[in-house]
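Work through the exercises below with the sequence and the model side by side. Try each task before reading its solution.

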Amino acid sequence: MQYFNVMDYEAPAQVRMNAAHWDYYAGGSGDEITLHANRAIFDHIRLRPRMLVDVTTCDTSTSVLGCPVSMPILVAPTAQHGFAHPEGECETARGVGQAGTLLTASSVSSRRLEDVAAAASGPLWFQLYVFDDNNITIDVVQRAEQAGYKAIVLTVDVPRFGNRERDLRNAFHLPASANFDVPDVTKLKPSLTWRDLAWLKSLTSLPILVKGVLTAEDTILALEHGADGIVVSNHGGRQLDGAITSLEALPEVVEASSGRCEIYFDGGIRRGTDVIKTLALGAHAVLVGRPVLWGLAVNGQEGVRHVLELLRNELELAMALCGAPTLKQITPALIRR
Ligand code: FNR
């Protein structure tokens, strides 16, 4: 089997996985309207390429919160990589490092965050879910800092878990995380508010990104409460079904932030041209969720590396064909409004 694009990994990944685990990875909430819209929206955005620009070399390298990476394509936090590979997140970390980019490790993990850090050759961020017991948060944030993670990514779009009907039909329950002793990881703190961001900042010297923002209003609140970065995301269509797509939300978030922090993006990125469209609309970098899991299931670290390399190569080609050989040249002028 040859894999010419990241979608080529999807069906082979499904064949290799337990059906309920596959549904957990693939599914969204409710009617999966937002899940599908995340992909479909990219078809409605068209590029305005420029000609006769010297594109002999196109440079995809950048830095994220000051940390150098090979491309503006990072890995989104996704739970339980053990469903895709016996080595779980450790295997993912190896592949991401080989691609020269950054892994955001989920709180809900098959492997302990320390083991993931030991396996990783590239930079890591730690995604945080906040439970009712503050001691769990204090402990895990300090452990992440000690293990060398470079930022905390606070996920704010899960006051409760979305209604994922595929999981209900399969009677699927998310197993406990290797990171902490919480039997039911779907019972998060529903009383979490913006005020808790200040508390979280007092626990760590690491920068804190807020993941799951979809409006200008929340962008302003996140910045007022000390966020160091924002991830525009609807959780891959797994939380509020009917929520706007990340791409529709991006322009208002970028405008409201007025350059005060780096804006990240996830949801539906499957092509290098998706990446260039998102960067043109003002994202600093994108994160990729499911395709990395497909690569992991099909071919372990090599599959993860290849999925990321495919996206990097496609971005590099898109930069050449758009006449934008550096990331700085990817501006709103590339998009037809
Ligand atoms: C996720 N996502 C997620 N987000 C998060 O903050 N913490 C988590 O533990 C998880 N877990 C998780 C599991 C699975 C199987 C998926 C598919 C997604 C959401 C994820 O970070 C990201 O927002 C989306 O996956 C991005 O969309 P794409 O690239 O999958 O379309």
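## Exercise 1: a pair of packed helices

Helix H9 and helix H10 cross in a right-handed sense, where right-handed means that the near helix is turned clockwise from the far one by less than a right angle, and left-handed that it is turned anticlockwise. Before going further, note that this is a predicted model, in which local features need pLDDT of at least 70, side-chain atom pairs count only at pLDDT 80 or more, and totals for chains, interfaces and linings use all residues. Residues are numbered from 1 along each chain as its sequence is written.

Task: describe how H9 packs on H10, and name the residues that make the contact.

Solution. Begin with the general point that two packed helices are described by the angle between their axes and the distance between the axes. Here the axes of H9 (residues 216-224) and H10 come within 8 Å and cross at roughly 35°.

Next, list the contact: Ala216, Thr219, Ile220 and Leu223 come from H9, and Glu252, Val253, Glu255, Ala256 and Ser257 from H10. Two residues are in contact if their C-beta atoms, placed from the backbone, lie within 7 Å. By class, the contact of H9 with H10 has five nonpolar, two polar and two charged residues, where Ala, Val, Leu, Ile, Met, Phe, Trp, Tyr, Cys and Pro count as nonpolar, Asp, Glu, Lys and Arg as charged, and the others, Gly among them, as polar.

## Exercise 2: two partners of H12

Task: at what angles do H11 and H4 pack against H12?

Solution. Take H11 (residues 272-280) and H12 (residues 290-322), whose axes come within 7 Å and cross at roughly 60°. H11 and H12 are therefore oblique to each other, since angles under 35 degrees count as roughly parallel, over 145 as roughly antiparallel, 65 to 115 as roughly perpendicular and the rest as oblique. Their crossing is right-handed. Among the contact residues are Gly272 and Ile276 of H11 and Leu311 and Met319 of H12, and by class this contact has eight nonpolar, two polar and one charged residues.

Now turn to H4 (residues 88-98), which packs with H12 at an angle of about 20°, the axes being 6 Å apart. That angle makes H4 roughly parallel to H12. The contact includes Glu91 and Val96 of H4 and Val292 and Leu308 of H12, and its classes are five nonpolar, seven polar and four charged residues.

## Exercise 3: annotated residues

Task: which residues does the UniProt annotation "binding site" cover, and where do Tyr24 and His235 lie?

Solution. The annotation, from an unreviewed UniProt entry, covers Tyr24, Tyr129, Arg164, His235 and Arg238; such positions are given in the numbering used here, feature names are shortened, and annotations may be inferred rather than shown by experiment. Tyr24 lies in helix H2 (residues 19-26) and is buried, with 22 other C-beta atoms within 10 Å. His235 lies in the loop between strand E8 (229-232) and helix H10 (246-257), and His235 is buried with 26 other C-beta atoms within 10 Å.

Definitions and conventions
Helices (H or I, at least four residues) and strands (E, at least two) are DSSP runs, numbered from the N terminus. A residue is buried if 20 or more other C-beta atoms lie within 10 Å of its own, exposed if 12 or fewer, and partly exposed in between; C-beta atoms are placed from the backbone. Axes are lines fitted to C-alpha atoms, for helices over the stretch in contact, and angles run from 0 to 180 degrees between N-to-C directions.
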